[in-house]
Amino acid sequence: MAVAIKDLALSTPFGDDIDILWRSLMNGDRADIQLAPPVDRPGDSKLWQLSAPVAEKVASWNCDHLILATTKAEVDAFEGTLETARASSDDTIPPEPLTNLRLAPFLERVRKRFGVSDALLVSSACASSNIAIGMAAAAISAGRHRKIAVVGVDIASRFVESGFAALGALSPKGEAKPFDSSRDGLILGEACCAVLLEADADGASLGLIEGWGSASDANHVTGPSREGSGLREAINKALRGADTSPEEIGAVVAHGTGTVYNDAMEITAFKRIFDAPLPVCSIKGALGHTMGAAGILETIVALKAAREGLLPPTTNLTSPDPAAEKWISPLPAKFQSLKV
C-alpha cells in the first residue's frame, strides 16, 4: 500500500518555506553554517531553537506517533557541561554531564515539544531519517498506525566537527563539491525537517511513498563498498516494493556528500541499476551535510522537483567527475516522470 505524504515542515539556513528553499537551490546559493557554541544548562541545546518552528507545525498535525531521526541530539549541551566540569578545581569529570545523553529524559522533552504521546528515536548515522521514513511507511502500510510524524534534526557542533575531522571526511577548503572531479570532502550543515505520513485513503497528498529499502554492505565502519553493493540492494528493495522498474524513475536526489568514495560509489550503483543516465543532483553543496535531517530534507526537495518536473543544479559543481558525466549537472535538469 502506498503511503501518502500529507504535510511537511522545515527549518533550514534558507528559511522555513519550501518555495524560498527551492529558489535558493535553483540559484546555486550556499548556506552560511556556524558551529553551535556549547551550552552549560540541560535543555538549552541549539537543537530546540532550530526545531522550534517545526515542532509547532508538527503539534498542529494532532499526531500521536513520532519517529525522530538524529545522529547526535543535544551534544552541544553535553559539551558545555563537560567543559564546565573540566574548568573546575577538581580534575575529575563528574557523572552529571552524562545525564544529557540519557535517552528517556531526551524523548520526554521530544514528546512535550512536538505535542505527541509516543516518540521513537532512530540514530543510524547519516541514513537515520531515510530509515525513519521507511519504518514509518512500513508501520502505516501494515496497518499498525494511521499516521506518523517523521522528524529529522541535527546541529553542527564542535564535537560533530571533530568526529568528521578525525575521519578525514571534511573538506580542507570548506567547500563541498558533490560529484566534482576536484571534490575533497564534505561540509557540515544543520536543519530540522518533518513529514506527516498517512495511509493514502482519499488520494489528496503532496506525494506518495510507494517503496522503500535499506541495506548494509558490511564493508567498513565508515567506508562504503566501492561497488555500491549496499546501495544497490536498498534501491532494488524500494523498486520491488513499489512494483516499479528502473525505467520508470525520472530523477534521483542523491546522498552526494562531496567525499571521494561516497560519490564514486553512488554513481557506480546507479550505473548498475539504470540502463541509461538520468538526472541526478545533490543539495549538500548548498546546505552542507545535515546528518540526521538529510534524508527528510532530500525527500522534501524530491517532492518539489516532482511537482516542477525540474531537478535543482548541484551547487559548486564545476568539473564533473568523468564517471558522473551525463548524470550530474551544474544546471537545472528537466524530467517527465513523477517518480523521484
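Colleague: Quick one: are Trp48 and Phe106 buried or exposed?
Modeller: Both Trp48 and Phe106 are buried (under 20% relative accessible area; exposed is over 50%, partly exposed in between, with a 1.4 Å probe and protein chains only). Bear in mind this is a predicted model, where local features need pLDDT of at least 70, side-chain atom pairs count only at pLDDT 80 or more, and totals for chains, interfaces and linings use all residues. Residues are numbered from 1 along each chain as its sequence is written, and side-chain values use heavy atoms, leaving out hydrogens and water.

Colleague: How many aromatic pairs turn up in the whole structure?
Modeller: Three. Rings of Phe, Tyr and Trp (its six-membered ring) pair if their centres lie within 6.5 Å; planes under 30 degrees apart are stacked, over 60 edge-to-face, the rest tilted. Trp48 and Phe106 make a tilted one, 5.8 Å centre to centre with 45° between the planes.

Colleague: And where do those two sit?
Modeller: Trp48 is in helix 2 (residues 46-60) and Phe106 in helix 4 (residues 103-114), so the pair links distant parts of the chain, 58 residues apart. Helices (H or I, at least four residues) and strands (E, at least two) are DSSP runs numbered from the N terminus.

Colleague: Why does Phe270 with Trp327 count as stacked?
Modeller: Their planes are at 25° and the ring centres 6.5 Å apart, so that pair is stacked. Phe270 lies in helix 8 (residues 260-273) and Trp327 in the loop between strand 9 (310-311) and strand 10 (333-334), so the pair ties together parts 57 residues apart in sequence. Phe270 and Trp327 are both buried. Ring pairs also bring in Phe274, giving a cluster of Phe270, Phe274 and Trp327.

Colleague: Switching to helices: how do helix 5 and helix 10 pack?
Modeller: Helix 5 (residues 128-141) and helix 10 (residues 294-308) pack at about 70°, axes 5 Å apart. The axes are lines fitted to C-alpha atoms over the stretch in contact, with angles from 0 to 180 degrees between N-to-C directions.

Colleague: Which residues make the contact?
Modeller: Ser129, Asn130 and Ile133 of helix 5, and Ala294, Gly295, Ile296 and Thr299 of helix 10; contact means heavy atoms within 4.5 Å.

Colleague: Last one, where is Ala156?
Modeller: Ala156 is in the loop between strand 4 (147-154) and helix 6 (158-166). Ala156 counts as buried because its relative accessibility is 0%. Beyond its neighbours within four places in sequence, Ala156 has contacts including Ile33, Leu35, Leu188 and Glu190.
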